Each structure stands twice: as structure tokens, then as C-alpha cells.
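Welcome! Please have a look at the sequence and the model below, and then we will walk through them together.

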Amino acid sequence: MLQAAKKLGKQTFKFDNPPVIVSYASIVGPMEGQGPFGKEFDYVLEDDLFGEKTWEKAESKMLRETLKLAVQKASTSPAEVDFLLAGDLLNQIVTSNFAARALGIPFLGLYGACSTMAEALALGAMLVDGGFAERVVLGTSSHHNTSERQFRYPTEQGVQRPLWAQWTVTGAGAVLLAREGKGPAVTRATVGKVLDLGVKDANDMGSAMAPAAADSLLCYFQDTGEEPEDYDLIVTGDLGSLGLKVARELLVRGGLAVGENFTDCGVLVYYPEQDVHAGGSGCGCSAVMLCGPILKRMEAGNYRRILLVGTGALMSPLTVQQGESIPALAHVVAIEKKGEG
Amino acid sequence: MFAGAAAFLASLLKAFVTGGIICAFGQVVMDFTRPTVTPGHVLVGYVTAGALLSALGLYQPLVELGGAGATIPLSGFGHSLAQGAISGARSAGLLGAFGGGVQATAAGIVAAVVFGYIMAVIFNPRG
Amino acid sequence: MDEQKENRGRYNVLSDVIARLRMEKDLAEPELAGQKPPAGLSEQERQKWEKQADQEAYRWLVEQHKPKAPVKRNLLLAFLVGGTICAAGQVIMNYFQGAGLGAKEAAAATSLVMVFLGAFLTGLGVYDSIGKVGGAGSIVPITGFANSIVSSAMEFKREGYVYGLGARLFTVAGPVLVYGFIVSVLIGLVTFYFSSGS
């Protein structure tokens, strides 16, 4: 079988001139601001409306401002950015569409559910490394209230969420990738396959996504020939506490000795006292954690090589009502700080 | 005076226990069935069960025993529907069979719609 | 390159992991499943059987890690919250009976008041907290019915008063009324049949 020049093994890609993350930005809601990393985001909203009339408008404003901030921090302007890659959880990805309208950058909309940040990074890196763009700005967002009313129940309805349910993060994260510059670089990416092991509970997305996360990680390490201890941090997007445990067991059974360096953005973003049950979820979860605490630590030199495993549950409210199970996928993105790190 | 107060407290206790048990039963259903059983399913189940038990003559004793503890849960709504249908069928034949249930519960249904509307207009969801 | 090739054999693909999981599960629960698909299945049916077995094995793994829901605590809270709401209703019902209404009218009037209270508490943003604690204790009473009506209508107010608020009033109330009416008509018809027949 013919193998593409930049491909490694089954599903992984290598970037010969790793695109550089020259800037990043994140805006979060009040709850996330009260979490363990509250001070490490660029801006914390005072309420969940951000001065707008509806939550949907607020989310779009969050994404728009985060993207603008990332462009600004890179000392460039939207006119000099070649492409905008963005996606979100709402129907027809309207949050991203309306943010793109305001920015005026050629736009490629994405849907990967909660794995959108990783998907955007992988695709953005391909565009830059492939010589199709000098600069790409990419980002994603989620908002607790917009996703509750679309996927689950009205926010004022008295329902009891099970212990393994997760809390959608209100937040947006964005990154500007450039062909050259100073900063951590995207060196490799693994594109995941959709897997479905029959989980039907829309409140238990962690279990639905854990096999996909395990599969993509097994694939990454097999394709690259590396070991988990070669990385300072292997962080999944939003498996939550239950999904993380299940994924860890699947990986260990698969022969990957993941240790303390294996954790999850959903588990990290809130304090247990904030009563979010299994942890955070949503596109914004991995986006804000990456575009705040994680990249900051890479800049500071605490982390040299990390893997971001964006995980996405690919169901819709209708499929759940129709009794379908939840398909999921996971993308792996390797980010490394070369040079003086 | 004391007898009045004692009867009052007794009625409260009976309502508390009856209502509590009826609700606890719903909790068992919710916790032990698959996630596909939602609050909406539980509500439909209660109305239907209340109506059927009422038709079999088993709900009225519960009302006499527990008072509000039996009328306030949604099974009580089913009970009113059933009793209304029965008396409607007996007094007005076929038309009564169709309309009796709704007639008996009309005030409650309209109240739900009207109060619901008013509150939804005045207030905004806070997430 | 050679090192890569050598490492490729070391890690099990996820399907191998699941296959081994299945073997373990069958050993742990031998009475539940056979290890081989039944004979005489078409290729498609055999694949479906295999997929089902994989899913069962995965569910078995997840159950080992899932935290146990606090069933006893939920039951107690449902009892307490439900009982309290009903006791409050009883106070109101006693008042109406004291004011001279008959038993049935008092019950109807009480329901009206409870619906109002449920709607009001939902508007204030308090009922969802009650629901979190009380579970069925807050869903089953008629106040819970009002809560589902108001919360849905309030949420979609931003989509307009006709298709938003107006239509959404009935998202949960609708099925309750539909099935309530159906059962009531059936009961009415049965009553009619038996009372006119004799």
C-alpha cells in the first residue's frame, strides 16, 4: 500500500516544519474563574450573558473576542491571517459562523464535538506545514447553558444529575499557528476513527469516549514508536473522572504504562467542591485548559513535550431519544517546545 | 381547641407520610431503571397509574387516608381524571365518557397553562 | 525505522484489548454468556453477535469503575421533600375546607395553589435546587409538573412568544395530558359499556 510522505504508520502525521503556536488566548465564565486555574485565563466573565441578551450571543461573543485576542497577541491583524478554523457544539455551529462573520477571515467550520480543539490544531498544522498558509487562527467554545438547553433539559428544571454526569465548560480558547516564530510547536497529530462500544447514556459521555481515547493513543504510540514517559503530560479533553479511569485501564491492558502524567482537562478545570460530579466537558474544556494553564507552563519550561487528546461524543439529542448509542472519536496532537526549553 | 389542633397535626402527618411514600416509589423507579427513563416518563407513568388505580376503586381509600398526600402527587391528577370520566359516563353517556375527565380537571389544567405563562413571561432563566 | 517496526508489535490494538476483556468477563461470569456465537448464523448476524459481546464486555468494565449512586440517601430525600410538599398542600387544603369547601372542591383549589407555587418557585430560580436534592420528591408532586412547564417556557422565551414560550409550555406537559386523556376516555368508555349494558 502506498504511504503518504508525511504519514507515520496507520493514522499519524508528522510535520517536517512544525508550525509554531505564536499566541494563545482564553476567556472563561464565572464558574471556571473560581476553579483551580481561574487566574491563568485571559479574562473571566462576570456572568454568563457577557452583556448580551441571549446565551447563544454571549457564547459567540466569547469566541469572537478570544480569536481577536489571539490575533492581537501575535502582533498581527485579521487581514494577515490566512484561515480561520473554528467549531462548537450548537446546531449548524452557529457560534463559530457568527464569530467568523465578525472577523472576516476565510473560514473553515469544523464539528468534532468536544474534540474540536484538537481537530482544529491538527488541520491548522496541516495547512501551515503543507504550505497552504502562513498564519492560521483556530479556536472553539462551549457554554453551559446553551448546551444544556440543546442537549438535555431547560436550565431551571429540577432534575437530578447522576454522579458520572459532567458540566459543560463556559469558555473559549484560541491559538494562532504560524510557519515561523517563537513558541511551542505542533510536531505530530493522529486523526482518530469513530468508535462505538454501545454506551447509550447521554449523561455518561466519559465511558462513551474512553475507548476512542485509548484507541487513538495506542495508535499514536504504535505509529511513532515512542513511550508515554517521553511526554511530560498526556491530557485528554473531557473524559471526566469515570472516563479517565476507564481509559487508563484500557491503556494499561493495551501495554501502555501511563503514569501520573496521564490526566484529563475535565478533571482539572474545576474544584471537587464546585459539585460538577465527574468534571468539566464541552469544546471549551480542552480549549481553555490548553490556551491558558498548559501553554503557560510550556512557555515557562515546566512542560517540554505534551500530548493533547481531544475527545468527542458524536451524538445528537434526537439520536439519543431514538435509542441509539453514542459514537465517539479522539484526536491526538503532539506539542513540543524546542530550543531553549 | 386541643382536639382541633391535634386533628390538624394528624392530617399533616398523614399527608407527609403518604406523599413521601408515593414520591419515594418514583425515586426507586428513577434510580433503578435505565437512563432512558426520564422525568417526563415518570410523570406520564404516575398519571396513568393514578387513573387506573382510581378506576379500580383503589385510589379513593388512599385519598381518604392521606389527604393531600394522595391528591398532590400527579397520580392524584390521574385520579381526578378517572373519577370525572366515570361520573361523566354514568350521567351523560358517551359524551360524558369523553368529556368527563377533562371537565373535572379543567380548572387545574388551565391554571397550569395560565400561571405557567405568566411566570415564564415575568421571569428569566438563570442557568 | 527498524525500531519503529519492532515497537509496532508491542502494543495491543484496542480490539485485542476488548477481546481479552471478553475472555476475562466470561471467566468471571460463566453463566451469563457463551464464548462462541451460536451455530448457523449468517456472516452479518455473526458480526452483530460479536459486536454485542464486545459491548457487553465493555459495559462490564465500566460498571467496575462507576461510582455507586447514593440510593438510600436519594430515597430518604425523595421521601422527605415529597412529604414536605404534600404536608404544605395539606395545610392549604385544611384552610379551604375550613372556609367551607367540600372535599373535592378543596382538593381542586389546593391543586391550583400548588401549581401557582411551583410556577413561582421556578420563576425565582429556586425549584431546580429543590429538584437536585429531592429528585422524585420534587418531580412527582404537581409542583414538579408546574416546574417542567415554566422552566421550558422560560428557557425558550428568547425564541419568541408563539413558537418559543407558547409552544414550549407543553414539552413535558403535553405527554402528561395526552396519556391522561387517553386513559380517562378508556375508563369512561368501559364505565359506559358496563353501565348501559346492565
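This is a predicted model: local features need pLDDT of at least 70, side-chain atom pairs count only at pLDDT 80 or more; totals for chains, interfaces and linings use all residues.

At what angle do the axes of H4(C) and helix H6 of chain C cross, and within what distance do they come?

Residues are numbered from 1 along each chain as its sequence is written, while chains are lettered from A and ligands numbered from 1 in the order in which they are written.

Now for the answer: the axes of H4(C) and H6(C), the latter covering residues 127-134, cross at roughly 135 degrees and come within 8 Å. Axes here are lines fitted to C-alpha atoms, for helices over the stretch in contact, and angles run from 0 to 180 degrees between N-to-C directions. The two helices H4(C) and H6(C) are therefore oblique to each other; angles under 35 degrees count as roughly parallel, over 145 as roughly antiparallel, 65 to 115 as roughly perpendicular and the rest as oblique.

Which residues make this contact? From H4(C) come C:Leu77, C:Ala78, C:Val81 and C:Gly82, and from H6(C) come C:Ile130, C:Val133 and C:Gly134. Two residues are in contact if their C-beta atoms, placed from the backbone, lie within 7 Å. By class, the contact of H4(C) with H6(C) has 5 nonpolar residues, 2 polar and no charged. For these classes, Ala, Val, Leu, Ile, Met, Phe, Trp, Tyr, Cys and Pro count as nonpolar, Asp, Glu, Lys and Arg as charged, and the others, Gly among them, as polar.

## Chain C as a whole

Chain C has 10 helices and 0 strands. Helices (H or I, at least four residues) and strands (E, at least two) are DSSP runs, numbered from the N terminus.

How spread out is chain C? Its radius of gyration is 28 Å, well over the 16 Å that the globule rule gives for 198 residues, so chain C is more spread out than a compact globule. The radius of gyration is taken over C-alpha atoms, and the globule rule is 2.2 Å times the number of residues to the power 0.38. Along the principal axes, the C-alpha atoms of chain C fill a box of roughly 90 × 55 × 40 Å.

Of the 198 residues of chain C, 39% are buried. A residue is buried if 20 or more other C-beta atoms lie within 10 Å of its own, exposed if 12 or fewer, and partly exposed in between, with C-beta atoms placed from the backbone.

Chain B is built from 5 helices and 0 strands. The C-alpha atoms of chain B fill a box of roughly 45 × 40 × 35 Å along the principal axes, and buried residues make up 54% of the chain. Among contacts in chain B between residues at least 6 apart in sequence, 61% join residues at least 24 apart.

Where chains B and C meet, 70 residues of chain B are in contact with 66 residues of chain C. Helices that each supply at least two residues of the chain C side include H4 (71-98) and H10 (170-197). That side of chain C has 44 nonpolar, 20 polar and 2 charged residues.

Chain A is divided into domain 1 (7-178) and domain 2 (185-336), with bounds that come from an automatic or database domain assignment. The C-alpha centres of the two domains lie 17 Å apart. Their contact takes 61 residues from domain 1 and 58 residues from domain 2. Helix H4 (residues 116-129) of chain A gives the most to the domain 1 side, with 7 residues. By class, the domain 1 side has 33 nonpolar, 21 polar and 7 charged residues.

H4(A) also packs with helix H9 (residues 283-300) of chain A at about 60 degrees, their axes being 7 Å apart. H4(A) and H9(A) are therefore oblique to each other. Among the residues in this contact are A:Met117 of H4(A) and A:Leu290 of H9(A).

Chain A also touches chain C, through 31 residues of chain A and 39 residues of chain C. The largest share of the chain A side, 7 residues, comes from H6(A).
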